[in-house]
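I opened the model and kept notes as I went.

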Amino acid sequence: MRTLHFLRVLSLLCTMSFTVGSVIAQQQPLHYWQKPDSLLQDQATLVFSQAHKMLDKYPPSAAVAEERLLALYSIDVLLHDTRLDNTKAFLDYIGQRYDNVTLRLQSEKPVNNEIRVYRMYTHGFVIQSPTVTIGIDLIRGGSADRPFISDPLMRRLVERCDILFVSHIHGDHADKSVAQMFYEHNKLVIAPPGLWDNTSPNIKHLRAKEMITETVRIPARNANLTVRVFPGHQDEVPNNMYAITTPENKTVLHTGDQYNKDDMAWLAHVADKVKVDVLLVHSWMGDLEQSVEGIRPSLIITGHENEMEHSIDHRESFWLTYRRFGNIKIPYVVMAWGEYYSFTNN
């Protein structure tokens, strides 16, 4: 009797499994006649997923594989199709990329002399060393009533970071809600004067007519950062370029949206003031070759591709970055949102 009961239960489970599998299969459309929007959504979801399978297989490198280029260019195509703007396929995609970063920041840490540079939305980055985790120009994107990155997800990212640097006042770099998440958790926000003045004692304003050097304390980590602030501009808007040196003596320079020919007089001599290991440069930076020659980093990582608030002619494709950097001799790396590059050069 027990054997017979077991066989009946097994038969029932197999039937249920087959039935569930059939239902799942039936939920996947096999035709999209008169449903073009659904077709585009499902197609985008599949291509986003397949592109990142290929990016995982061929991770960020200065010696880029053809397969990786195809994956990045596929993402370009999707992000330049305005029919997909603010759709579930897009919002799920960017949310998954941020969720992956928060999980990795929590579960993995750099070791020894390593720093990890995570590429976030627009020109945002997270720098993780063995001792500190630094956010730069982190924003939620989208609009106030419908941000690309939800507040709960952004809070999880903020929890993993120790400090936030903001380059300038423009909304694609400065998000007051994100800054508030930092300073309400007693974490320091570094910003140029005029941005969120008299808002919180945890906002520290840094800038002068010439480069200044500050020691910034992170009490929670019992660590100090050495921060050099270069007084750049985007046209006439003050734009801080931060050269941040971690306790492991690795220096990362973030350009913000530096774009002013009058600043080339000092940009040409940045390397005389600080040894830059990694330059985080916006992909459309003016006087690119001359600026890179003046900074002389060991490695370049690009940013600002595919800013979705722009029209497609200024969303700055990955393929256009490779064209612009064609004459740059210093190794450079192009990354999609949520990817990271490990830098260990001594």
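How many helices and strands does the secondary structure of the protein come to? I found 9 helices and 14 strands, taken as DSSP runs numbered from the N terminus (helices H or I, at least four residues; strands E, at least two).

I noted the ground rules next. The model is predicted, so local features need pLDDT of at least 70 and side-chain atom pairs pLDDT 80 or more, while totals for chains, interfaces and linings use all residues. Residues are numbered from 1 along each chain as its sequence is written, and side-chain values use heavy atoms, with hydrogens and water left out.

**Overall**

I read the span of the C-alpha trace along its principal axes as about 85 × 45 × 40 Å. Of the 346 residues, 51% count as buried (under 20% relative accessible area; exposed is over 50%, partly exposed in between; 1.4 Å probe, protein chains only). The protein exposes about 17,000 Å², with 53% of this supplied by carbon and sulfur atoms (Shrake-Rupley method, 1.4 Å probe).

I then looked at contacts (heavy atoms within 4.5 Å). Among those with a separation of 6 or more, 60% come from residues 24 or more positions apart.

For charges, I got 35 positive and 40 negative side chains, with the centres of the two sets 8 Å apart. Lys and Arg are the positive ones, Asp and Glu the negative ones; His and the chain ends are not counted. Each charge is placed at NZ of Lys, CZ of Arg, CG of Asp or CD of Glu.

**A71**

I located A71 in helix α3, residues 66-79. A71 counts as buried because its relative accessibility is 4%. Leaving out residues up to four places away in sequence, A71 touches A51, M54 and L55. I also took the C-alpha separation of A71 and R221, which are 150 residues apart along the chain, and got 38 Å.

**Positive phi**

D287 has a positive phi of about 50° and sits in the loop between β11 (278-282) and α8 (288-295). H304 has phi near 80° and lies in the loop between β12 (299-303) and α9 (318-324).

Which of these is buried and which partly exposed? D287 is at 28% relative accessibility and therefore counts as partly exposed. H304 is at 2%, so H304 counts as buried.
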